[in-house]
Amino acid sequence: MSDLKQIFGFEPYSLPRRDKQKLLVDQLNRLNHHHSASCEPYRKIQRAYGVLDREFSAVEEFPYIPIRLFKAFSLKSVDDTGIIKTLTSSGTTSSQVSRIYLDKDTSRYQTKALAIIMQDFIGKKRLPMLIIDSKDVIKNRRLFSARGAGILGLANFGRDHLYVLDENMNLKVDELQNFLEQHRGEKLLLFGFTFMVWQYFYKELKKSGPKADLSDAVLIHSGGWKKLAAEAIDNAAFKRALNKLCGIEKVHNFYGMVEQIGSIYMECEEGHFHTPIFSDIIIRNTEDWSALAFGREGVIELLSILPHSYPGHILLTEDVGEIIGEDDCPCGRKGKYFRVKGRVPKAELRGCSDTYEP
Amino acid sequence: MQYEIIAPHGASDEALQKQKVLLPFSEVVLEFINAVSGSILKDATFRKYPELVAMAFWMRKANILKLKEAFEKQKGDRLWLGRGIVFHIAPSNVDTIFIYSWFISMLVGNVNIVRVSSASGEQLDALIGVINKIAEREEFSDIRDRFMIVRYEHNDEITAHFSSMCKVRVLWGGDETIRRIRAIPIGSTTTELVFADKFSFCVIDTEAFLRHDKMEALITSFYNDAYWFGQNACSSPRLVVWLGDSSKSDQARATFWEMLEKKVVEKQAVFPAAIAVDKLVAECSVAMSSTGSVAIESKKTSLLNRVLLEKPEDINRDLHCGGGLFYELKIKDISELAGIVSPKDQTISIFGLDKNELKRFIDHFLPEGINRIVPVGKALEFSIIWDGYDLLREFCREIDMAV
């Protein structure tokens, strides 16, 4: 995959539209052939849609598959012997979990891409790192949850890691205090899932924790706003509250999913999610599945050139969002930038089959 | 035990239990049904619910009198009486089913308790409004004393309570629901009617279709069958079987789907966005699990999805999510239906097929499924023969007079 090697040499937000589209189209055509040749269920889908072995000339033309398929089917484009890790979605809202099979190559691509993206936000130096979670979530190394995989992925960018929660999600106040004293005056890296940061770090720190000056820290977080919405906390309120409590200014949310780990969408200083050179976004109109213009709301399709061991390179998500613009975000980063508005509204069940649903 | 009595005002289960049945087809019942029918047909607010208008049309006096005549002919001088209290557990969102179930039981004189789901919508509210208004009228006191519509969230205790007092329990629902409710006991002399989740399909003779001179009307009929209730009624066609030689079938299919697509757009059918995604999941899943070839036909609107299958075993009835998704199969001879029909199949709506040929097919192949065969356009029409039961008969008991 020498092509990818070249791409890994680029700055993650450096390519203007024309160059990036050409790069993506080449890569996605190559991946389409690879997955059609190596993954039988995927080949059957391509054949059913009548697009097997077809070459496409624009990202919008490529066939996408619904992300939910990873829950009901084992989709892999490598032999079982090549699989080194299986990722699962956390599955908090649904009993079925996605299963994503990684081989050495894909796993390496993900790590590399993530590093390139993160360096753009935190620099190349490894920083003393607070992980706002319990060490328990990373214990089983072969079967990772999305949470565990996210933590291990991000842990690479820090040093002197401290998991600040114990197994019962209690803030380890003393250890936190020691850590802060030890690293006084240094730039710190914090990572956690949005809800955990809010519930077990912010709230505890506010109530009983040590006085923490985090004005020179970067917080990276992800995981969605569903639980915080119940408390009427949105991204702006989240940042305001943290800033007020401990002076932290650099807070970056990111959007991404276990089905496309690595090529994540970081929130810039303007509050926009950005597509790096490894990935792209298309907004689809649910009335006819056409690609929508910037500013129009629809279902989010995500494209990534990293997945080689499973056919997850072009996925239709169940999230709703809109593209705000391309190559012209005031933050200076190139590529499409967008907003996520939540989940596709659930259908009201109709039919004889649901007598007893509330 | 918390349940809400939504009709009639002031009802209670203690009062209901004291009531005797009425004689079958009593005048007061016919008048009541006629009044409900008239109210719906006259009220402009109901026009946006074609399903309710169709139901009101079924309830009009002329039709009920026909039922009465047939019932009396069948009965002769035998003694048939209602069984007592009938407890109906209605499906949550085919809003008209509870009315059919209740009214047919009421026609033979039974006392009725109807449970509607707590997730019910505006159609149900509008219907309940009409029923309450009519039931309040002085002349309908005999009706008012003999029914109760209750609404409650899934609750085994309440279901057990009503189950213990009824003489017939009527269940409409999916396999899981039915399993759940059947675990709740009924009285030793209580009978039970079960209407499980079903799958239905349409068979079209391609030559008959291609030479048909009223294609537009046929398409409208098919549209109504498939798109009312969001293709989620048990009798909504979800598979279209094309009978004829392959090239003729393709010609017929091209015309048929193009016209239907136009109709769907013109009628402005709307489904939630999640249904459009569900259909993609279903069509991809069918393709991935297939043993034969699968062709997902391209579409201009997400309201109409088509999946052409080569092999009947690739029909996945459980994956079908409604909302305008059609499996298709081509067959050359009617005998090939034998490989398609499953025990889950309820209604076959047909166009251009010969009745005697179908009879021969059934006598020869003795299929485990199929409860109705109707022309295209009548798939959703309710009938007193449903899922193999003669409903009026099931709601009665016979006193064997051997003297």
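Predicted model: local features only at pLDDT ≥ 70, side-chain atom pairs only at ≥ 80, totals over all residues.
1. Contact between the chains. The contact draws 42 residues from chain B and 34 residues from chain A. On the side of chain B that touches chain A, at least two residues each come from strand S6 (168–173), helix H9 (175–182), helix H13 (273–289) and strand S10 (294–297) of chain B. H13(B) gives the most to this side, with 12 residues. By class, the side of chain B that touches chain A comprises 22 nonpolar, 15 polar and 5 charged residues.

2. The six-stranded sheet. Chain B holds an open sheet of 6 strands with mixed pairing, in the order S1-S5-S4-S3-S6-S7. Its edge strands are S1 (4–7) and S7 (191–196) of chain B, each of which pairs on one side only. From one strand to the next, the twist averages 20°. S1(B) runs antiparallel to strand S5 (residues 147–151) of chain B, and 3 bridges join the two. Within this pairing, Ile5(B) stands opposite Val150(B) in S5(B).

3. Helix H9 on this sheet. H9(B) lies across strand S3 (85–89), S6 and S7 of chain B, and runs at about 155° to S6(B). Both H9(B) and S6(B) are also among the elements that supply at least two residues of the side of chain B that touches chain A.

4. The peptide bond from Ala7(B) to Pro8(B) is cis, with omega near -15°. Pro8(B) is placed in the loop between S1 and helix H1 (13–17) of chain B.

5. The seven-stranded sheet. A further open sheet in chain B has 7 strands with mixed pairing, ordered S10-S11-S12-S9-S8-S13-S14. S10 and strand S14 (372–375) of chain B stand at the edges; each has a single partner strand, so one side of each is left without a neighbour in the sheet. The twist here averages 25° from one strand to the next. S10(B) is joined to strand S11 (residues 305–309) of chain B by 4 bridges, and the two run antiparallel. Glu297(B) has Arg306(B) as its bridge partner in S11(B). The edge strand S10(B) is also one of the elements that supply at least two residues of the side of chain B that touches chain A.

6. Strand S2 and its partner. Strand S2 (residues 79–82) of chain B has Trp80(B) and Gly82(B) on a covered face, while Leu79(B) and Leu81(B) form an uncovered one. In a regular strand the side chains alternate between the two faces of the sheet. S2(B) is joined by 4 bridges to strand S17 (residues 396–399) of chain B, and these strands run antiparallel. Leu79(B), on the uncovered face, has Ile399(B) as its bridge partner in S17(B).

7. Helix H2 and its surroundings. H2(B) has 16 residues and reaches 22 Å from its first C-alpha to its last, close to the 22 Å expected at 1.5 Å a residue. The buried residues of this helix are Val29(B), Phe32(B), Ile33(B), Ala35(B), Val36(B), Ser37(B) and Ile40(B). Their cover includes H3, helix H4 (61–75), helix H5 (97–107), helix H6 (122–135) and helix H7 (141–144) of chain B.

8. Packing of H2 against H3. The axes of helix H2 (residues 27–42) and helix H3 (residues 50–58) of chain B come within 8 Å and cross at roughly 140°. This crossing of H2(B) and H3(B) is left-handed. Ser37(B), Ile40(B) and Leu41(B) in H2(B) meet Leu52(B), Val53(B) and Ala56(B) in H3(B). By class, the contact of H2(B) with H3(B) has 5 nonpolar, 1 polar and no charged residues. Ser37(B) and Ile40(B) also belong to the buried residues of H2(B).

9. Residues with positive phi. Most residues other than glycine have a negative phi. In chain A, Trp289(A) has a phi near 65°, a positive value in a residue other than glycine. Trp289(A) lies in the loop between strand S12 (279–284) and strand S13 (298–304) of chain A. This residue counts as partly exposed because it has 18 C-beta neighbours inside 10 Å. In chain B, Asp387(B) has a positive phi near 45° and is likewise a residue other than glycine. Asp387(B) is placed in the loop between strand S15 (385–386) and strand S16 (389–390) of chain B. With 17 other C-beta atoms within 10 Å, Asp387(B) is partly exposed.

Notes
Residues numbered from 1 in each chain as written. Chains lettered and ligands numbered in written order. Contact = placed C-beta atoms within 7 Å. Nonpolar A, V, L, I, M, F, W, Y, C, P; charged D, E, K, R; others polar. Axes fitted to C-alpha atoms, helices over the stretch in contact; angles between N-to-C directions. Left-handed = near helix turned anticlockwise from the far one by under 90°. Pairing = 2+ DSSP bridges. Expected span 1.5 Å × (residues − 1). Buried ≥ 20, exposed ≤ 12 C-beta atoms within 10 Å, placed from the backbone.
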